[in-house]
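Hello,

Here is the structure I promised to pass on.

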Amino acid sequence: MTTKALTVLALLASLVSAPATTAQETPRAGGVIKAAMIGEPPSLDLHWTTAVIVQQITWHIYETLYTYDKSFSPIPMLAEGHSVADGGRRYTITLRKGVKFHNGKEMTSADVVPSLQRWGKMGTSGKLLWKRVEVVEARDPYTVVIHLKEPSGSLLYGLAEPNNAAAIYPREVMAAAGDGQIKEFIGTGPYRFVEHKADRHIKLARFKDYAARPEPAHGWGGKRIAHADEILFIPVPDVAVRLAGVETGEYHFGQNIKQDQHERLKRNPALEAGVVKPYGWITAVPNHKQGIMTNKKVRQAFLAALDMDPIMAAGVGNKAFYRLDGALFYPEQGLAHSQSGVTGYNQKSRERARALLKEAGYKGEPVRWITTKEYDWMYNTALVARQQMEEAGFKVDLQVLDWATLVQRRNKPELFDIFSTGFTLRADPALATAIQCNWPGWWCLEEKERLLGEMLREGDPRKRRAMIERLQGIFYDDVGRVKLGDYFLMDVTRKELRGFRASPFLTFWNVWLAR
Amino acid sequence: MKVYLLRRLLAVVPVMLVVATVAFVLIHLAPGDPASVIAGPYATQDDITRLHHQLGLDQPLPLQLVKWYGRLLAGDLGDSIFLRRPVSEAIVERLEPTLLLTGWATLIAVLIGIPAGVLSARYHNSALDQSFMALALVGLSVPSFLLGLLMILVFGVWLGWLPVAGYAPLESGVWPNLRSLLMPAVSLGLVQSALIARITRSSMLDVLREQYILASRSKGLGERAVVYKHALKNAIIPTLTVIGITLAILIGGAVVIETVFNIPGLGRLIISAVLRRDYPVIQGVVLLIAVAYTLVNLLVDLAYLTLDPRIRYR
């Protein structure tokens, strides 16, 4: 063989063996994706809980009528499409034909109607929307009609939302569950439930009869393909172990890795460090129902005193993972993002805070701020904010609790003045938890509730934008919550996990394992 | 002897009753409740109240306690709120990793601790003795989780010899199972071996000063026979007590190591149950640990009999 021929052969061989990282790479079927998660899901019933980890795991199993495209607008998923009539009060939704549940049965309106009703009865945003629903009926096996009391700009968003989602379950699964949680985990998704071994793993396997949508993947919609044979969601509560596991190849994916590891991980050729952006806000929620924070001037003084950069730096640690933005919605949400009305964010004015406290007649009553070290960004931001508040004349009693205690106490207005939390992304501004009245903190204001009502009715994004701007004005004048800043999480994946992208809604469909 | 055994076993009952009641009351008085954890961060108070009712947590505490006693008498530990299955099932599933981990850790502790203690006593005040005791001091001062994390870094991440975390059950083969338990067992066992070494050394030193040792030496018995046959057998009693305590501590105390190495054992179960306020699971595991403590103590007491014929129980 000539030298030339050998060179060509060697080149060919190197082409075959080199990992192809180009975009044109053909996805490979097979393998088991091992995902190291922060913990155990408290339930596998999506209608039951707003815990984000439940959504992340189970929406590989269950699907919804609608889902979100890249810019967080609702697009059909199990639905074929819909028409709106009667001045926006009647939605006629046609269902896709030939969509099978994991038990082999075809999905029809007989499953969709009770699923929506159950979600409207149990889901947190479901209940909010269901106040406006008159009745849901099955017109024929593939048509569902939703009659509304008044038009709703939020209905499709609600049906598309993955958190506490309007998942479609088989009718008999819901009948067996009664008022309790479902006991069989059956959906129409690309992966089916296999087993749950608590503290060990949740195993999903490819659903062979999955009916994928024909159009290419777009955001979270379009064609979903289960490339891997199985997915193992493994609870790994210790962040150092999650990271070490991905570094050694034990896991392909590690969730919520500390952001200060970003620079180091970027240098590791075997890993990919993904920024989950947008993700959420870090927030201090004042108590509007009882105590010192019911005084608007005191709340304004609290907001005026804060210098957000050191607070967010302490909370997140790496500039690539936070953003100082006072707007209620994210730049990634298109028209919903606006700076208009954002008047009081990041004032850094001790003098103004002092003057406001004086006007309020504040006499050094301790402000009870409850926070937790279970989420270190909550504790760290509270710590720096406390110092800034004290420099402005506040007296702060920072109480560090475990998370379970915090979520119980924040429901009792007599037990706190401020609590730490994070608000994750809600695609529909009108459904955002951050601005609801019936949530701890009880920010209820006639003018705001009226505006929210209008927003729930309005479907035109431009008109909604104007409402959001008015809402932001009210938010900062009344200091509904104190938004400290946007924060982003870091997910780490191994390079052999292809097609993955870090996003606020974790997904492993259209993701495959290279050899 | 039979009477003694029966008496000891019967004494377990009131202990259990006290432990059960204290565990129940303490857990229920602690703030936080499972309903708000299950409902998730964005749930409203209405959702939490509904869940609270569905879980039966809105019933008066004494009523809940009586109901629990009732089930307990029937041998039923109740159902986990979070895992939606019987507590006893959840416990049985976690026993394997914890028992194996505890067993290996104790074995490592004994195999290192006793020889180190004996050698230190035999070569009292020598360089060997001093270096063993210095090591033991370090061992006692280093928390096992730190040792665990260091081992993960060296053997898992840098050298890549052992899996960094996770548990391979016995059914997946003995070798994978051993590999997954090696680092956690060593980090637990090393720390306990320090304690065993110190106790063995001091009790050996006491025994070696006894007259009968002098007598055996003067009748011309070899040093080996004196130390290992005559002295060790008498010196081992306090060590045995410590091993018993170690075993009991490890059963309930592998909590941290199981978390660090992500081993789904009893320790992880109780930690997650506390964080989620899964009352029935916490109560069940606490009871089990109390039973384990009592039984291990009984076994240790019985082991004295075979080692020291002077001991009699009536």
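First, a word on naming: helices (H or I, at least four residues) and strands (E, at least two) are DSSP runs, numbered from the N terminus. This is a predicted model, where local features need pLDDT of at least 70 and side-chain atom pairs count only at pLDDT 80 or more, while totals for chains, interfaces and linings use all residues. Residues are numbered from 1 along each chain as its sequence is written, chains are lettered from A and ligands numbered from 1 in the order in which they are written, and side-chain values use heavy atoms, with hydrogens and water left out.

Let me start with backbone details in chain A. A:Pro278 sits in strand β12 (residues 271-286), and the peptide bond that joins A:Lys277 to A:Pro278 is cis, with omega about 0 degrees. A:Asp86 is not a glycine, yet its phi is positive, at about 55 degrees. You will find A:Asp86 in the loop between β4 (79-85) and β5 (90-95).

Chain B has 13 helices and zero strands. Its C-alpha atoms fill a box of roughly 85 × 55 × 35 Å, taken along the principal axes.

Now to where the chains meet. With contact meaning heavy atoms within 4.5 Å, 47 residues of chain A and 43 residues of chain B take part. Together the two chains bury about 3,800 Å², 51% of it on carbon and sulfur atoms; buried area is the accessible area (1.4 Å probe) that two parts lose on being put together, summed over both. A:Trp48, A:Asp199 and A:Arg200 supply 16% of the area that chain A buries against chain B, more than any other three residues.

Side chains of opposite charge can pair when their charged atoms come close. A salt bridge here is a side-chain nitrogen of Lys or Arg within 4 Å of a carboxyl oxygen of Asp or Glu. Five salt bridges are found across the interface of chain A and chain B. In one between B:Asp47 and A:Lys127, the closest N and O atoms are 2.0 Å apart.

Over all chains, the search finds 42 salt bridges. One of them pairs A:Arg498 with A:Glu25, the closest N and O atoms being 2.4 Å apart. A:Arg498 lies in strand β18 (residues 497-498) and A:Glu25 in the loop between α1 (3-17) and β1 (32-37), so the pair ties together parts of chain A that are 473 residues apart in sequence.

Finally, the cavities. The lining of the largest cavity has 10 nonpolar residues, two polar and one charged.

Best wishes

Notes:
Nonpolar A, V, L, I, M, F, W, Y, C, P; charged D, E, K, R; others polar.
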